[in-house]
Amino acid sequence: MARHVYVHIPFCEAKCKYCSFFSVASDCQVEAYFDAVRKEVENLTLVSDVNSDGVDTVYFGGGTPSSVDAHYVCDLLGAILKKFDINPNTSEITIEVNPHSLTPAKARAYREAGFNRVSMGVQSLHDKTLKTLGRLHSASEAGAAILNLKEAEFINISCDLMLGIPGQTLEELMDDARLLVDRGIRHISMYSLSIEEGTPFEALYPHLEDVVPEELERQMYHGLRDYLRSQGINPYEISNCAQKGAESIHNNSYWEGCEYYGIGAGAHGYLEGRRFGHPDSIKRYIENPLAVEVEETLNDEDKVREYCMLQLRTSDGISRTAVKGRFGICLDDLYKDVIVSNINAGLLEDDGEAVRLTSKGLDLANLVFEDFL
């Protein structure tokens, strides 16, 4: 039985123009916040997840965990490892970092505390594009951050790249990918820019498709996937590519429908068939870190449908054997018509054992997902 733990650190040096995640561009109340998180950890009631079987994972996300003093996150990780009896030598323990706030001292502190995987928000290695996004770091700082992580003996490093950014070219994106591959990055996540409600980009680009044609954005997506595949960094999910053995175990637990703990303000979790969340408020969280709101309770049919939809995100697709073994039902009894109609539309392929998205299906994935929900 594996345990999966997500910890939300909502502090940032500055709020990116496109970001809609819960975060604050301030370092006030940091100490009180981490005291509250430790209180939540200490008072957790541990449960068993019958659907998890494998490596324990801990994931510190945000926000920007590297924006606060390292001792806060390192001490908190120690409390979590103790509470869950997790061995850092056999588990995947990830921290998200920003090139601007990562220092050599922080990198060493994270490694010594037990973190063994880093996810870094590079987004671009071109200063013009970074400025468009409102990122604080420069391309040279991103390169220095990778070097700092390697000198701290991090082997498992993931970098995010963003595509479909106003002013970005296909050649620029491919240059970014080549530079990361040359630096030995084993995992690359790729995200198309989306305009989220309430962000500065909503006002700047109310019609993004007029600035970045959909055809160009799709060329970027498929071109990047194809290049990474040619370098042995294979797509294993819609937005993620990795060398064999470097796939994100924590993120895979989401796509496998595993249960997980959500710790911290704005964090969401899934335990015993119930989705729950903490309020998007540091003040309210500090006042009562044990308060959670149950947002949804999944019945057996909900679990099957969500599992199949999430599996479609993966390159392996939905395994008939896995569905039968996990839920005791036949995939075709539930989805025969849906599968056939999407195959006829060129969005799915079926090899008899598994059903997966085609290249065209990747472009219209949300439509396929809706059919399975």
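Which side chains meet in a salt bridge at 3.7 Å, N to O? In this predicted model, in which local features need pLDDT of at least 70, side-chain atom pairs count only at pLDDT 80 or more, and totals for chains, interfaces and linings use all residues, the side chains are those of R275 and E296. Residues are numbered from 1 along each chain as its sequence is written, and side-chain values use heavy atoms, with hydrogens and water left out.

The R275–E296 pair links distant parts of the chain, with R275 in strand β11 (residues 274-277) and E296 in strand β12 (residues 293-297), 21 residues apart. Helices (H or I, at least four residues) and strands (E, at least two) are DSSP runs numbered from the N terminus. R275 counts as buried at 16% relative accessibility, whereas E296 is partly exposed, with a relative accessible area of 37%. Buried means under 20% relative accessible area, exposed over 50%, and partly exposed in between, with a 1.4 Å probe and protein chains only.

A salt bridge is taken as a side-chain nitrogen of Lys or Arg within 4 Å of a carboxyl oxygen of Asp or Glu; by this rule there are 16 salt bridges. One of them joins D56 and R3, whose closest N and O atoms are 3.1 Å apart. D56 lies in the loop between α1 (30-42) and β2 (57-62), and R3 in the segment before β1 (4-9), so this pair ties together parts 53 residues apart in sequence. D56 is buried, at a relative accessible area of 12%, and R3 is also counted as buried, at 16%. R274 pairs with E272, with 3.5 Å between the closest N and O atoms. R274 is partly exposed at 36% relative accessible area, and E272 is partly exposed at 48%. A network of salt bridges links E217, R218 and D363.

Grid points are joined across faces, edges and corners, and a volume is the space filled by probe spheres set on the points. The largest cavity holds about 70 Å³; of its ten lining residues, G257, Y270, K303, Y307 and R326 are the closest to its centre. Helices α12 (300-312) and α13 (320-327) each supply at least two residues of this lining, and α12 gives the most, with four. The lining of the largest cavity comprises five nonpolar, two polar and three charged residues, where Ala, Val, Leu, Ile, Met, Phe, Trp, Tyr, Cys and Pro count as nonpolar, Asp, Glu, Lys and Arg as charged, and the others, Gly among them, as polar.

The second largest pocket has a volume of about 340 Å³. It is lined by 16 residues, of which L44, T45, L271, F276 and V292 are the closest to its centre. Strands β9 (261-263) and β11 each supply at least two residues of the lining, which by class has nine nonpolar, four polar and three charged residues.

Overall, the chain has 16 helices and 15 strands. Buried residues make up 54% of its 373 residues.

Technical notes. On a 1 Å grid over the protein atoms alone, a cavity is a set of points where a 1.4 Å probe fits but cannot get out, and a pocket is an open set with protein on both sides within 12 Å along at least five of seven lines; lining residues have an atom within 4 Å of a point.
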